[in-house]
Amino acid sequence: MEQRKSIPSMVKDPKLIEKRREQIIEAAVELFISKGFHKTTTREISRASGFSIGTLYEYIESKEDVLYLVCDAIHAGVEKGLQEVLVNGVSGAIMLEAAIEGFLRVMDQMQDRVLLIYQEIKSLPRETMRYVLAKEEEITGFFEEILHRGRRDGSLQIDENSVKLMAHNIVVLGEMWTFRRWSLRKDYTLEEFTKMQTSLILRELTDK
């Protein structure tokens, strides 16, 4: 697993750093979505955050640091939504159904932010980009874990060699709601899309 980037701060109070960086993230997300990363200035970010450009640089060193913090916060939000569906004492199949529903709900709630990652990740330094991409793989690994659980308890019929690919397929199906929303929303509600995709996946994994 790639190491999380440590962003230096001139401030020593961890709680204050967290609070100020949350303000920076929320302000930057809206600006990056509306204007794009390259057209957004640090001065605009500081103004939208509610403090001076000097104060901004007490918490970050560059605009790339802000983009990294944004990407990290988005992944944390996705992971939190997925962790909430992990329940002990249920079969892998039941957990998978709940996980797909939860993942699609998070994709719907965070669609602009998820799209932002894929649009702007190329602007990050190479080492930082590797960390962000590794976080993407962690999300895929979440579904791998559920598929393995279903294999062990017999509720899902999938061979070992197909687990990773199926996990990737599920993540791509979830992200499709973000990337193809301009078309999908013409024909499906989120609930309809979720029900149909879940049915297709479980049919593939339980009817063999």
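**Starting from F143**

Let me start at one side chain: skipping the residues within four places of it in sequence, F143 contacts L82, L96, A99, I100, F103, A167, I170 and V171, where contact means heavy atoms within 4.5 Å. Before I go on, the ground rules. This is a predicted model, with local features needing pLDDT of at least 70 and side-chain atom pairs counted only at pLDDT 80 or more, while totals for chains, interfaces and linings use all residues. Residues are numbered from 1 along each chain as its sequence is written, and side-chain values use heavy atoms, with hydrogens and water left out.

Now the overall picture. The protein has ten helices and zero strands; these are DSSP runs numbered from the N terminus, H or I of at least four residues for helices, E of at least two for strands. The C-alpha atoms fill a box of roughly 60 × 40 × 30 Å along the principal axes. Of the 208 residues, 45% are buried, buried being under 20% relative accessible area, exposed over 50% and partly exposed in between, with a 1.4 Å probe and protein chains only. And if you take contacts between residues at least 6 apart in sequence, 72% of them join residues at least 24 apart.

Back to F143, then. Which residues touch the most other members of the largest nonpolar core? They are F32, V70, L96 and F143, out of 61 residues in that core. Helices α1 (14-35), α4 (63-83), α5 (92-109), α6 (111-120), α7 (126-153), α8 (160-179) and α10 (190-206) each supply at least two of its residues. By core I mean buried Ala, Val, Leu, Ile, Met, Phe, Trp, Tyr and Cys joined through side-chain atoms within 4.5 Å.

On to the rings. The whole structure has six aromatic pairs, which for Phe, Tyr and Trp (its six-membered ring) means centres within 6.5 Å, with planes under 30 degrees apart stacked, over 60 edge-to-face and the rest tilted. Take F32 and F37: their ring centres are 5.3 Å apart and the planes sit at 65°, so that pair is edge-to-face. F32 is buried at 1% relative accessible area, and F37 is buried at 1% too. Then there's W177 with F193, a tilted pair at 5.0 Å centre to centre and 35° between planes. W177 is in α8 and F193 in α10, 16 residues apart, so this pair links distant parts of the chain. Both W177 and F193 are buried. F143 turns up again here, in one aromatic cluster with F103 and F142.

What sits over the ring of F37? The charged end of K63, 4.6 Å from the ring centre; the cut-offs there are NZ of Lys or CZ of Arg within 6 Å of the centre and within 35 degrees of the ring normal.

Last stop, helix packing. The axes of α5 and α10 come within 10 Å and cross at roughly 145°, using lines fitted to C-alpha atoms over the stretch in contact, with angles from 0 to 180 degrees between N-to-C directions. Among the α5 residues at this meeting are L96, I100 and L104, and the α10 side includes F193, I201 and L202.
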